[in-house]
Amino acid sequence: MSSNLLAVNEIFGPTFQGEGPTMGTPCIFLRLAGCNLACSWCDTPFTWDWTRYDKKKEVHLIDIATVESRIHSLSNGSIRHLVISGGEPMLQAARLVPLVNQLSNQGWTSEIETAGTVAPNPLLNVDRYNVSPKLANSGNDEQDRYKPDVLDAFNKHPKRCFKFVVQNVSDFGEIDGLVRKHTLSPVYIMPEGIDAAAVQQTLSDVAEAAITRNYHLTTRLHTLTYGNRRAV
């Protein structure tokens, strides 16, 4: 693929960040296509699962200038925050450099959602990394989902968080081990689920376990607001 093209699934907004430390922040979303993992509970399988979705319809090769133009058009001249998600956006980190850096020069801030298996690019002037290491509950092999050196690299970024998707309290043993081994901080706990009832129930089930460990809690605000709709 040309260094001037991004594999894009969708660009949408204005909307808000639904998870993590900037939850509720008005933003534009750039959702990239492609992933190196295959989480069983993934809420965006249309970005990578070509056994269920049509790759020709879901992947759009768009040049950087056009992506930037669409972002500006959606921002209505007021929003200045970009969330880059996927899929796994770090697979295209080198091609994101000119886009993110140019927007930064124009007064934009940005954050990237990543599973923490591809190391940060030092040339990418992103403001925040939301690193979501996948647990055994994701169904991925450990050798694919756990990259110790990569987690350590992200933990050095001045604005990062580690956001773990949990299904129940039994996931905390695995989380605690990773936090201790890599001195990860800050840590956010987020309930798995694609409908409001499931998110609320899991959040209620795990809240006390998170609080006793001094972990942050985050819900999935977009799911509570819109359900499992796309591009909102």
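Residues are numbered from 1 along each chain as its sequence is written, and side-chain values use heavy atoms, with hydrogens and water left out. Because the model is predicted, local features need pLDDT of at least 70 and side-chain atom pairs count only at pLDDT 80 or more, whereas totals for chains, interfaces and linings use all residues.

Helices (H or I, at least four residues) and strands (E, at least two) are DSSP runs, numbered from the N terminus. Strands count as paired if DSSP finds at least two bridges between them. Strand β6 comprises residues 128-131. Strand β5 (residues 109-114) pairs with β6 in the parallel sense over four bridges, and Val131 in β6 is the bridge partner of Thr114. Strand β7 (residues 160-166) also pairs with β6 in the parallel sense, over three bridges; here Arg160 in β7 is the bridge partner of Tyr129. In a regular strand the side chains alternate between the two faces of the sheet. In β6, Arg128 and Asn130 lie on one side and Tyr129 and Val131 on the other, and all of these residues are buried, leaving both faces covered. Buried denotes under 20% relative accessible area, exposed over 50%, and partly exposed the range in between (1.4 Å probe, protein chains only).

A salt bridge is defined as a side-chain nitrogen of Lys or Arg within 4 Å of a carboxyl oxygen of Asp or Glu. The whole structure contains 10 salt bridges. One of them joins Lys163 to Glu19, with the closest N and O atoms 2.6 Å apart. Lys163 is in strand β7 and Glu19 in the loop between β1 (5-16) and β2 (26-32), so that distant parts of the chain, 144 residues apart, are linked. Both Lys163 and Glu19 are buried. Glu19 also forms a salt bridge with Arg220, for which the closest N and O atoms are 3.4 Å apart. Because Arg220 lies in the loop between β9 (216-217) and α8 (221-226) while Glu19 lies in the loop between β1 and β2, this pair ties together parts that are 201 residues apart in sequence. Arg220, like Glu19, is buried. A network of salt bridges links Glu19, Asp43, Glu113, Lys163 and Arg220.

A further salt bridge is formed by Arg145 and Glu174, whose closest N and O atoms are 3.1 Å apart. This pair also links distant parts of the chain, with Arg145 in helix α4 (residues 142-145) and Glu174 in helix α6 (residues 172-182), 29 residues apart. Arg145 is buried, at a relative accessible area of 10%, whereas Glu174 is partly exposed, at 27% relative accessibility.

Most residues other than glycine have a negative phi, and most peptide bonds are trans. The bond from Gly13 to Pro14 is cis, with omega near 0 degrees, and Pro14 lies in strand β1. Ser185 and Pro186 are likewise joined by a cis peptide bond, with omega about -15 degrees; Pro186 is in the loop between α6 and β8 (187-191). The loop between α6 and β8 also holds Thr183, a residue with a positive phi near 50 degrees and exposed at 59% relative accessibility. Asn76 has a positive phi near 55 degrees. Asn76 is located in the loop between α2 (64-75) and β4 (81-85) and is exposed at 58% relative accessibility.
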